[in-house]
Structure formats: C-alpha cells, structure tokens
Amino acid sequence: MRFLMVDRVLSLEPGKRIETLKLPSISEECFRGHFTRAALVPGALLIESIAQSLGRLITATYDYKVAIALTVLEDAKVVHDLRPGRPITIVGELLGTNPKGSIGRAVATAEGREVASVGRMIFIQFPHHDPESVKARFRVLGESVPGDPLGGPGA
C-alpha cells in the first residue's frame, strides 16, 4: 500500500520551487481507531507531505529520470493541535541540487498559521531505468502544472 500525502500541485518551477495542497480528511486511514474524542493531524503526516512535495520537485527537475531517497531531516517543527478538514499549503524550495543529491526546505501553513516546517531535507538520487514508472508515482495528483513535464491526467 502506498500513502500519497499530497492532494494537488498548485505550482511547480523545476529546479526552484513547488507549492502543494494537502486536505487531511477524517476518513483517512491514519485516523481510524484513533482520536475518538478529537482527531488531530499527526506530525508525521505533515513531515511526509513535505517530503513528498520536495520529492515531486526533485523528480520533475530531472525529468523523472531519477529515483530519490530521503537521507537527512533537520530543523523539523510541527504543531500538535491541527484538526483534519483544514487545507494545508506546502511551499518547498530547492537550496541546491546535482545529479547525485538535492537539498530543500519547506513550510506548511493552514489558515494563515505555520503548522510545520523543515529547515533542511537532503535526498540522494540515482538514475532510474524507467522514467514512466517514476511519473506514474505522481500521476494520481492529476494536476496539469505549467512548467511540469508530467502534464495532466492521462498524459
């Protein structure tokens, strides 16, 4: 099973910046059987959403010809009182990149309030033999974003 923690790409500039949207729903698997009185969005979900957003930016930067793995996470902050149902906007940027690795940072906000941030995420990259399969990992986001070679649904 694969958990996609980004619902929509709002903008993408390969090599520079990405803005994504996550709308945590009470029906998501991570909430089942937990938080019977007042559901809260787990901090791990916020960090994973940030990592997936930066991962999308990195793979788009290299035209989906690389696979990535997160290796370092520094300066992570999350709030502990965010309820599901509130849209979360994630803005990530690449601080540096080369064919072997990338460094990025990101901030997540909900209703004008910072709910998570990562000061530095380091990803390693390695050539992938099937760029179409890398694209397919993100295709469910279904967005046609200017500057993104992925295109929209069915592209």
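**Close-up views of the predicted model**

**View 1. Pairing of strand 5 with strand 6.** Strand 5 and strand 6 (residues 113-127) run antiparallel and are joined by nine bridges. In this predicted model, strand 5 spans residues 101-110 and includes Ile 103. The residue of strand 6 that stands opposite Ile 103 is Ile 122.

View 2. Six strands form an open sheet in the order 1-2-4-5-6-3, with antiparallel pairing. The edge positions are taken by strand 1 (8-13) and strand 3 (66-78); each has a single partner strand, so one side of each is left without a neighbour in the sheet. From one strand to the next, the twist averages 20 degrees. Strands of a sheet pair through backbone hydrogen bonds, in either a parallel or an antiparallel manner.

View 3. Leaving aside residues up to four places away in sequence, Ile 103 touches Glu 93, Leu 94, Leu 95, Gly 96, Arg 120, Met 121 and Ile 122. Ile 122 is also the residue of strand 6 opposite Ile 103. A separation of 9.1 Å is found between the C-alpha atoms of Ile 103 and Leu 54, which lie 49 residues apart along the chain.

**View 4. Helix 1 against the sheet.** Helix 1 comprises 19 residues (43-61) and reaches 27 Å from its first C-alpha to its last, close to the 27 Å expected at 1.5 Å a residue. The helix lies across strand 1, strand 2 (17-22), strand 3, strand 4 (88-98), strand 5 and strand 6, and runs at about 45 degrees to strand 6. Of its 19 residues, 15 are buried, so helix 1 is largely enclosed by the rest of the structure.

**View 5. Arg 56 and the residues that follow helix 1.** Arg 56 lies in helix 1 and has a relative accessibility of 1%. Arg 56 therefore counts as buried, the cut-off being under 20%. Its side chain makes a polar contact with the side chain of Tyr 64, at 3.1 Å. Just after helix 1, Asp 63 adopts a positive phi of about 50 degrees.

Note on methods: Residues are numbered from 1 along each chain as its sequence is written. This is a predicted model: local features need pLDDT of at least 70, side-chain atom pairs count only at pLDDT 80 or more; totals for chains, interfaces and linings use all residues. Side-chain values use heavy atoms; hydrogens and water are left out. Helices (H or I, at least four residues) and strands (E, at least two) are DSSP runs, numbered from the N terminus. Contact means heavy atoms within 4.5 Å. The expected span of a helix is 1.5 Å times one less than its number of residues. Buried means under 20% relative accessible area, exposed over 50%, partly exposed in between (1.4 Å probe, protein chains only). Two strands pair if DSSP finds at least two bridges between them. Axes are lines fitted to C-alpha atoms, for helices over the stretch in contact, and angles run from 0 to 180 degrees between N-to-C directions. A polar contact is a pair of N or O atoms within 3.5 Å; within protein, one must be able to donate a hydrogen and the other to accept it, and residues adjacent in sequence count only if both atoms are side-chain atoms.
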